[in-house]
Amino acid sequence: MYVAVKGGEKAILNSHRLIEDERRGDRGIPELSIAQIDEQLGLAVDRVMTEGSLYDRRLAALAIKQAQGDLIEAIFLLRAYRTTLPRFGASVPIDTGRMQVRRRISATYKDIPGGQVLGPTYDYTHRLLDFGLMDDEAERCQAVSAPAEVDAAMPRVTDLLGRDGLIEEETAEPDETPIADLTRDPLTFPAERPLRLQNLARGDEGFLLGLGYSTQRGYGRNHPFVGEIRLGEVAVEFVPEELGFPIELGEITVTECQMVNQFKGSKTKPAQFTRGYGLTFGHCERKAMSMALVDRALRCRELDEDATAPAQDEEFVMMHSDNVEASGFVQHLKLPHYVDFQAELVMVRSMRAAAGAKEAAE
Amino acid sequence: MSAATAPVATGGPETGYNFAYLDEQTKRMIRRTILKAVAIPGYQCPFGGREMPLPYGWGTGGIQVTASVLGADDTLKVIDQGADDTTNAVSIRRFFERTAGVATTERTEEATIIQTRHRIPEAPLREGQVLVYQVPIPEPLRWLEPRETESRKMHALAEYGAMHVRLYEDIAHHGQIATAYDYPVKVNGRYVTAPSPIPKFDNPKMHMNPAIQLFGAGREKRIYAIPPYTRVESLDFEDHPFEVQRWDEVCALCGSSESYLDEVITDDRGGHMFVCSDTYYCAERQAARPAAAAPWSEAGGSAK
Amino acid sequence: MAAPLPATDLAPGFAEPVRQSQQAFRAALNALSYPGRVVTVPGCVAAPPLGPAQAALALTLVDFETPVWLDHAAAGAAAWLRFHCGCPIVETPSAARFAFVVAPEAMPPLAAFDAGSDEFPDRSATLVLSVRSLSGAGDLRLTGPGIPGEAGLGAEGLPPDFPAQWQHNRELFPRGVDLFLTEGDRLAGLPRTVRMRS
């Protein structure tokens, strides 16, 4: 006779033991350390920190280790940890104009004050497998330091354009203007740009990459130029209530992309260049660029452009950009749906029976 | 820092987190939302849903509601598909055992809070009980109009004509309304509301129920409620009144002809049988039956 | 008293905030879900001029996100609320998310408070009134969600035209304010769905 399946709790516990075992793999191979992940899988750490919305290299590395290298799972782990942290307040906005630049390129000008600094990039590597890396004992080359320090002054390209009035002016919100926080309040639409940027900063790199790409292929075309991409370290400052002046908490690595976009002007605005903005923790250039493209596309409303493409549809973009939400809901299909399925079975059978009876009668 | 925001760890056995995991500020926000939800039956209140240590789509909304309602004296029951021992029900029950240390039970009548996914228990609920539904898509108009900006206007104006048109098109094409679960209801004559994907079999249980029914959608960040003793009507037409599923068979384990049945495939030659989806209800009935009694049926025909 | 009270002179809040606020919330949830029933709030604190149930609801539901309005008779609770709840105190009733009223007979009309919008009816005020007496049997006849049949409610100390004001509030549905009536450590809920005749 049939006996209903029991033992869910035991199965779950055993499943946890299995993943622990699989994560460790062959015990004959040395275990990965957090420091190794941090140092040698640094770009993975950067992505997890960016989309996990938490700047902590060690915890991001731990999440990557715990998730067996599944970065979306690692992002989820970091987010779930982040949500439990107390809030002390908001930092002073970081000033990327004062960044200690390690890489800085512009595609709009051949030379600019401060110069082009290629820095670390895979851009011009030939994608040939480096079989030398198979040998994990081999000596690795050391980068030579530049013959001269990079210029301390590195004005942002968009600021240079702004001096001539060629690009739209960007004014900071007054300090007292409350900025919505999407980790505290549900999204409501229409969403203002600060909220959109928060959403894009946490958004899935792959989703934003696809959307950004779609604007280049004509789905909401906006003629982008890379005004500037810069990578480096910036100070994070905080004003404690009792002091009343900013103190430096430390520094973080960020990648910033300022996209410069053509704009023919509208009834109310003269022709001038417009902006798309991308910012990530660590070195996430592809993400920063995609974010900037989508940011610009989502500004269609304020610039009186027709919103016809997916990348211009803020509700569509913002409701589907978060990979922790998306991953959870897609994967929840693995949960039992016996009850709904049974309801569908009953209905399909009854509809087939009705159709059969009708056919027989005809 | 004021006294009210100071973290006080009075958690369950799992130290390091607040009682029932959520911090007090988050609970306050959710509690305010729940009270507004009760005051506006069937209206989806936006709330600042938090990231939970369980994945979105796996009950994070229900968990946040339960965590905000739950007290040390409560007795919690968790079911998924009507069963206490499905993996996700086990996992959520363990979460609250660990973070709140509350008593748990499988006995429907003993529970003061029941968190559920996809079912309403067969045993009638009573005053003093809170039924918390896990909701994947809280917006009943989503399939007609995916934009929140639009569906919000439709709710504001009680403009539900499109929903009736969709149901009527079903009748025209299929001779019946082709919605077997998540069948839309109207709450207290005003808001069209998604009953979460319970089978329409359970819809009538929502009507004038003495218990408090709360709905949590974590990923979509909505909470809504059906207060006790509130009218809940499944949308229908005079010439096509609402009907629930019925089976020709009875439960093979307890003989019930009144409960919602799950179909179980017993072999690869077309053999199948039907058993209660509500495992506690079924176990109680089996226990009350003489031990020697034969199974009620070994294999059934098809449902109608 | 001219100078604001130093924090140490303030009445204390909950001794066990996690447990007490959960109990107060459940009392509020039950009161609002079963309108007309008078529910006792366990473990109240005294914070005059607020009544014990009023103070418990404040500690349970109010924080920096919810601006509070106080009637003249409740004004003495401002420092206590600011310290324990961290809430802004506002001058105009319509700016408040919560209102605590100690002398309801002289309070502004219900229509002076935010009733929310048709699209966001949840963004409306919750009013917590202290009345002279409260009983589950009285002249106010209530019907609506949460009430099997009809319930009676007795409340002394409400404005004389309260039933008419409530009728107007009811007609705004889904907009409208929601009320808690309190006496000592007991409270009753009046969600906007309730129909009332006297």
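The model is predicted. About 4,700 Å² is buried between chain A and chain B, and the contact draws on 45 residues from chain A and 64 residues from chain B.

**Interface between chain A and chain B**

- Carbon and sulfur atoms give 61% of the area buried between chain A and chain B.
- Between chain A and chain B there are 5 salt bridges, and 22 residue pairs are in polar contact, both residues being at pLDDT 80 or more.
- A salt bridge joins the side chains of A:Arg79 and B:Glu51, with an N to O distance of 2.6 Å.
- On the side of chain A that touches chain B, two or more residues come from each of helix H1 (8-24), helix H5 (71-82), helix H10 (314-320), helix H11 (323-331) and helix H12 (338-361) of chain A.
- H12(A) gives the most to this side, with 12 residues.
- The side of chain A that touches chain B comprises, by class, 21 nonpolar, 11 polar and 13 charged residues.

**Packing of H3(A) and H4(A)**

- In chain A, helix H3 (residues 42-52) and helix H4 (residues 57-66) have axes that come within 9 Å and cross at roughly 100°; H3(A) is therefore roughly perpendicular to H4(A).
- H3(A) makes the contact through A:Gly42, A:Ala44, A:Val45, A:Asp46, A:Val48 and A:Met49, and H4(A) through A:Arg57, A:Ala60, A:Ala61 and A:Ile64.
- The contact of H3(A) with H4(A) has, by class, 7 nonpolar, 1 polar and 2 charged residues.

Terms used:
Residues are numbered from 1 along each chain as its sequence is written. Chains are lettered from A and ligands numbered from 1 in the order in which they are written. This is a predicted model: local features need pLDDT of at least 70, side-chain atom pairs count only at pLDDT 80 or more; totals for chains, interfaces and linings use all residues. Side-chain values use heavy atoms; hydrogens and water are left out. Contact means heavy atoms within 4.5 Å. Buried area is the accessible area (1.4 Å probe) that two parts lose on being put together, summed over both. A salt bridge is a side-chain nitrogen of Lys or Arg within 4 Å of a carboxyl oxygen of Asp or Glu. A polar contact is a pair of N or O atoms within 3.5 Å; within protein, one must be able to donate a hydrogen and the other to accept it, and residues adjacent in sequence count only if both atoms are side-chain atoms. Helices (H or I, at least four residues) and strands (E, at least two) are DSSP runs, numbered from the N terminus. Ala, Val, Leu, Ile, Met, Phe, Trp, Tyr, Cys and Pro count as nonpolar, Asp, Glu, Lys and Arg as charged, and the others, Gly among them, as polar. Axes are lines fitted to C-alpha atoms, for helices over the stretch in contact, and angles run from 0 to 180 degrees between N-to-C directions. Angles under 35 degrees count as roughly parallel, over 145 as roughly antiparallel, 65 to 115 as roughly perpendicular and the rest as oblique.
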